[in-house]
Structures are given as structure tokens and as C-alpha cells.
Amino acid sequence: MVPLSVRDRFLNPFPRRPVALLVGNISQEPYCNNLLPIVNGFARWCTVEILEPMGIPGFVGSGGARPAPVPAEPLLELIGSHRPDMVVCLGGGLVLPDEVRRGLPDSIVTVGLALSDPLGLEASLVIGKAFDLFYTQDPNTIPHYEGEGIAVRTCLPAVDPGLYRPTPGGEPCDVLYVGKWTPYRHRLVEALSTHCKVRVHTRTGETRFSVPVHPPLTTPDQLARACSAARLALETALVELPGSPLDGTHRITNRPQFAAACGTPSLSEPFANLALFFEPGREIATYSDEYELVEAAHRLLDDHRERARVGRRARRRVLRQHTWVPRARKIIDDVRACRSARSA
């Protein structure tokens, strides 16, 4: 290996391949659907080490409902043995304990990802200041962070096209819906079910849908097979958080990205930030109520060529702009800038 020159060391704060310690319950189903793509994105640029708090005796997770401190001893052990350049907490309300943060050298940058915003926002507003860099996936939350004096950055939802791609073996259906029950979502599913075959995957034991339901899709392979076998996928972007200032807003989830990566177009409510992800009418179909939903679904189900075109455009958009490789690279670049500022 050729030694780095003084100039190279100044331009590149990482004199070696950077090391990222990712803290999250990455193998826990179904969260692995969202977390494994992040691991793969960082692995493209870094040496990745993983700490899963759920495997540590005494750890109590909160699912993002409240702060969940990571046990200090195993965390410090990994930091000491691997000397990471960054410690990245992958949602779930995970936060580094005060005694760990106080003892970290300036060479280590702490990063927090709020992957469920606006869900879990209350916990994120508590832990946001504990990180050197903090990211939200929902632009609508930014004023709320700023109101608490938290410098937040945007890291939009993304997927891994190596995990989510056209995959045979799923159960064919007209429209796939993956998600929880609410009265609003039930109304949409019920309207669709009177006109086409809807396949619902939801929580085990859920009985409130008026159509037969199927178990949750707990791994990327299961999810990719289901998305690939569906002709359309239903997205519900409406935020339903009674009592929250963000109740009634809209945000995209990973669901249309999963489907698009598999070549399947989605149906979603229109909202201001939708164009950040898909172009309405070309890469995604939109509806404002159950009647428009049925019309939009019928239009695409009856026109195979147009449905295929929308699916291809959506897949190209995801591959071009919404994968975790560039998302991870942006975070790593921010970490570099943070380290450079500290050493200046």
C-alpha cells in the first residue's frame, strides 16, 4: 500500500477504509426488511460492525415509543476493539448512554437515524441532541426538531435493489396491501375488494379487515415475492396520529419503494412531497378517496401495457435515486466533514 501524503491526509480524514459500528436490531423480524438494506448500503463504503441490543441481557426495547439506551458495557467493548469512525443508531429510539458519549474521543462521530418519523417523533425529539449528526426520513418533522433546537438533516426512505427485485414464487393478486388496520385503511381495502382480488398481509391475529388476511411478511425475500406477484400495491401515506400536530399529514413509507424495486406500481394519496420519490401519473397512480382508488386501480388493471410502463418507470426511479448506497455515502461524507471541522 502506498503511504498517504500529507496532502492526502488533509483531504481525507479517513487514512484507511472507515469503520462504522451500526447499532440496531437488524435481524429482528420484520424490522430486518428496513434495516438490512441500510447495513448493505454502509458495507459498500465501510467496514461494518454490528451491535444488536436485543441480544444483550437487560436491554428493554421500546419500538421507538420512548428512548432506549444501549447497554454501555458491550458498546464500549466493541468501540475499544474495533475503533470505529462512526457509531450509527438505527432507529427504535436507540441512544448512547451519557457515560459512553462523554468518554468518546473526538475521532468518533455519533449518528442517529429516525427511521419511523413521524411515528416515534416524541422519542426522537428527546434523543436528537445526544448525537453529533441526526437524520429524519420525513421532511414534515423538521420544524418540530428545529423548535427543540435540534439540528436535523434529511435522509429519505430508500431500499436495497439486491434484496428487493423481481422475484418469482409469490401468490398472485390484483392489489397487495401490507400494513396495520385502521378504519381509514379498512375502508380503502374494502372498496377495492368489491372490484378485484386484494391480498392483505397484516399483524398476526388481526380480525378487523373484511377480507381474509395473511401473516406478516417478515423477511426481504418474503416481501419481494409478494410484491413481484402483485399487479398493483396499495400505499397509505396518510399519517394517523390523533393528538399529534402531524396527524393528517402525509409521508411515504418504504412500501411503494419495495414494490417499485420489484417492478410493481403503487397507488398512493397525492401530497406535496410525493414527487421527491415518484412522479404522479407516470411512476405512481394517485387517489384522494376510495372511489378514486377503485377507478385508478381499474384503469391500470385493465391496461396491462400501461401498468407495465408505470412499473418500469417506478423501478428505474428507485434504482436511480432511492437506494441505500448513495444514502449511506451522504452520511459518511457528513461524518468526514464533522471530523475535519473538529481537527481544524
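**Entry 1: pairing.** Before noting any partners, I wrote down the rule I needed: two strands count as paired if DSSP finds at least two bridges between them. With that rule in hand, I looked up Ala233 and found that its bridge partner in strand E13 is Ser266. I then checked the two strands as a pair: E12, residues 230-234, and E13, residues 266-268, run parallel and share two bridges. I also reminded myself that this is a predicted model.

**Entry 2: the open sheet.** Which strands sit beside E12 and E13, and in what order? I traced an open sheet of six strands, E11-E10-E9-E12-E13-E14, with parallel pairing. At its edges I found E11 (213-214) and E14 (285-286), each pairing on one side only. Next I looked for helices on this sheet. Helix H7, residues 183-193, packs on it and touches E9 (173-178), E10 (198-201) and E12. I noted an angle of about 150° between the directions of H7 and E10. Helix H8, residues 220-229, also packs on the sheet, touching E9 and E12, and its direction makes about 110° with that of E12.

**Entry 3: Ser266.** I went back to Ser266, which lies in E13. Is Ser266 buried or exposed? Its relative accessibility is 4%, so I put Ser266 down as buried. Leaving out residues up to four places away in sequence, I listed Ala233, Pro256, Ala259, Ile284 and Ala285 as what Ser266 touches. Ala233 in that list is the bridge partner from my opening entry.

**Entry 4: strand E4.** I moved on to E4, residues 86-90, and found five of its five residues buried. My reminder to myself was that side chains in a regular strand alternate between the two faces of the sheet. In E4, I saw Met86, Val88 and Leu90 pointing one way, with Val87 and Cys89 pointing the other. Then I looked up the partners of E4. Strand E1, residues 19-23, pairs with E4 in the parallel sense over four bridges, and Leu21 has Val87 as its bridge partner. E4 also pairs in parallel with E6, residues 109-114, over five bridges, and there Cys89 stands opposite Gly112.

**Entry 5: two helices.** How do H2 and H12 pack? I noted an angle of about 60° between H2 (residues 32-43) and H12 (residues 324-343), with the axes 8 Å apart. Their crossing is right-handed. On the H2 side I listed Pro37, Ile38, Gly41 and Phe42, which meet Trp324, Val325, Ala328, Ile331 and Ile332 of H12. Sorted by class, this contact has eight nonpolar residues, one polar and no charged ones.

**Entry 6: backbone notes.** I came across a cis peptide bond from Glu29 to Pro30, with omega near 0°. Pro30 is in the loop between E1 and H2. Another cis bond joins Asp117 and Pro118, with omega about 5°, and Pro118 lies in the loop between E6 and helix H5 (121-127). I placed Arg83 in the loop between helix H3 (72-82) and E4. Arg83 has a relative accessible area of 61%, so I marked it exposed.

**Entry 7: confidence.** Last, I checked the pLDDT, which averages 94 over the chain, with 96% of the residues scoring at least 70. Over residues 1-12 it stays under 50. For that stretch I found four contacts beyond four places in sequence.

How values were computed:
Residues numbered from 1 in each chain as written. Predicted model: local features only at pLDDT ≥ 70, side-chain atom pairs only at ≥ 80, totals over all residues. Heavy atoms only, no water. Contact = heavy atoms within 4.5 Å. Axes fitted to C-alpha atoms, helices over the stretch in contact; angles between N-to-C directions. Buried < 20%, exposed > 50% of the residue type's maximum accessible area, 1.4 Å probe, protein only. Left-handed = near helix turned anticlockwise from the far one by under 90°. Nonpolar A, V, L, I, M, F, W, Y, C, P; charged D, E, K, R; others polar. pLDDT = per-residue confidence, 0-100.
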